[in-house]
Amino acid sequence: MNTEDLINSLVIELRPASRWHIAQRLVVGVGVGVAASIALLFALMGPRHDLMEVLATGAFWTKATFTLSMAAASLFIVAHLARPEQSRTHLWFLAVPVLAYLPLGIDELVRTAPADWGPMLFGHGWRHCTWLIFGLSVPIFFGLCWAFRQFAPTRLELAGAMAGICSGAVAAVVYCLHCPTDAAVFALTWYTLAFILAGGAGAFLGRRLLDW
Amino acid sequence: MATREEELKDKMISALDGDASAYALLLNALVKELRIFFGRRVGDKDAVEDLVQETLIAVHTRRATFDRTRPFTAWLFAIARYKMVDHFRRSRFHALDGELEDSLAADDFEPASAAAIDVERLLDLLPPKQRQAIQATRLEGQSLAEAALSVGISQSDAKMSVYRGLRRLSARVQGKIR
């Protein structure tokens, strides 16, 4: 096919494009992923028994804020990587939620006798927590990959890693509905580990899934 | 006087709002820019034209990722560079890519029945859309428009299907030889 014919066919196919195309697709992709993730949470483990009571506590909401701000920061970076130009990526955004939550964790450690650090850190089901978040992140990750099908990422590993971290962070928001432990030390350790795992998996899959 | 950047960006923004004539002007202008860009960086002339077309398709399908507040040429050449890196990455397949394409397009293809059987067997390995697109354009000699119509897809989709299918076949053939 010659280039002239190609141009003609592309012109015929032209439809107006929304200014908010990237944001719209990300919202749809993450939204569908979150719906699947919540369904998974209810099917596998259900909400925590005291959910209604803890909605009134500060510890629950600081943990929720930690996960929400992580989700927001990583989603912002993901949206940035959807465009092809290699401009500055604000990776340090990811450190903000951790650094903001860290003083609370240190405060907990200071207030607690060292002998009780173990139970606080290992909480209730720490073994599952990281893997459950990782599992809940899978549908969200694929929602993001779907969104990326019309994007133009040029740094595939990085975009994959950020999509992974983002899906982990959003999954952690969902997981707050279940997780019975509100200690900052607990969330800082095991949630963050889940984000790192999801980011690593995303980087690995990015090359394959995000190529265009 | 408007700079090249401003000129192209204006046309792009009109195109994003659905102005087909601005879009046609834009794409034709891009062909010139891209031929120069790839011509300087890629030796093979056919490869240059392939890359120009691939980049046009990418510009078309990814056009919504252009941010109207940022420079257009930076966006365009980021896409072109990505396509070029992709090209170099698979350039070791290129010799075969050309051969396969030639053998499929050759007029005296029919007598080589053994080859035809091989080609059919190879085509069976492809997804139906790619197989049909290649069969229609390369074996039955239909135009791209006819092929697109008969397969029931858009022309650019047909073009991409042919391209991807051929690329896959050559990778496959290469794998068998090795």
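Read along the sequence, chain A of this predicted model runs α-α-α-α-α-α-α-α-α. In other words, chain A has 9 helices and 0 strands.

Helix α4(A) covers residues 58-81 and helix α5(A) covers residues 95-111; their axes lie 9 Å apart and meet at an angle of about 165°. Because of that angle, α4(A) counts as roughly antiparallel to α5(A). The handedness of the crossing between α4(A) and α5(A) is left-handed. To see who touches whom, pick out Thr62(A), Lys63(A), Phe66(A), Ser69(A) and Met70(A) on α4(A), which meet Pro97(A), Val98(A), Tyr101(A) and Leu104(A) on α5(A). Sorted by class, the contact of α4(A) with α5(A) holds 6 nonpolar, 2 polar and 1 charged residues.

Next, what does Arg48(A) form with Asp182(A)? The two form a salt bridge, with the closest N and O atoms 3.1 Å apart. This pair links distant parts of the chain: Arg48(A) sits in the loop between α2 (21-44) and α3 (51-54) of chain A, Asp182(A) sits in the loop between α8 (156-175) and α9 (184-209) of chain A, and the two are 134 residues apart. Over all chains, the count comes to 12 salt bridges.

Helix α1(B), residues 4-16, packs on helix α4(B), residues 72-89, at an angle of about 80°, with the axes 8 Å apart. The two helices α1(B) and α4(B) are therefore roughly perpendicular to each other. On the α1(B) side the contact is made by Glu5(B), Leu8(B), Lys9(B) and Met12(B), and on the α4(B) side by Phe72(B), Thr73(B) and Trp75(B). In terms of class, the contact of α1(B) with α4(B) has 4 nonpolar, 1 polar and 2 charged residues.

Another pair in chain B is α2 and α3. Here helix α2(B), residues 20-41, and helix α3(B), residues 45-61, pack at an angle of about 140°, and their axes are 9 Å apart. That angle makes α2(B) oblique to α3(B). The crossing of α2(B) and α3(B) is right-handed. From α2(B), the residues in contact include Tyr23(B), Leu27(B), Leu30(B) and Phe38(B), while α3(B) contributes, among others, Val48(B), Leu51(B), Val52(B) and His60(B). The contact of α2(B) with α3(B) divides into 11 nonpolar, 3 polar and 2 charged residues.

Finally, bring both chains into view and look at how they meet. The area buried between chain A and chain B is about 3,200 Å², and carbon and sulfur atoms give 60% of it. Chain A puts 34 residues into the contact and chain B puts in 42 residues. How many salt bridges does the rule find across the interface of chain A and chain B? The number there is 0.

How values were computed. Residues numbered from 1 in each chain as written. Chains lettered and ligands numbered in written order. Predicted model: local features only at pLDDT ≥ 70, side-chain atom pairs only at ≥ 80, totals over all residues. Heavy atoms only, no water. Axes fitted to C-alpha atoms, helices over the stretch in contact; angles between N-to-C directions. Helix = DSSP H or I, 4+ residues; strand = E, 2+ residues; numbered from the N terminus. Parallel < 35°, antiparallel > 145°, perpendicular 65-115°, else oblique. Left-handed = near helix turned anticlockwise from the far one by under 90°. Contact = heavy atoms within 4.5 Å. Nonpolar A, V, L, I, M, F, W, Y, C, P; charged D, E, K, R; others polar. Buried area = accessible area lost by both parts, 1.4 Å probe. Salt bridge = Lys/Arg side-chain N within 4 Å of Asp/Glu carboxyl O.
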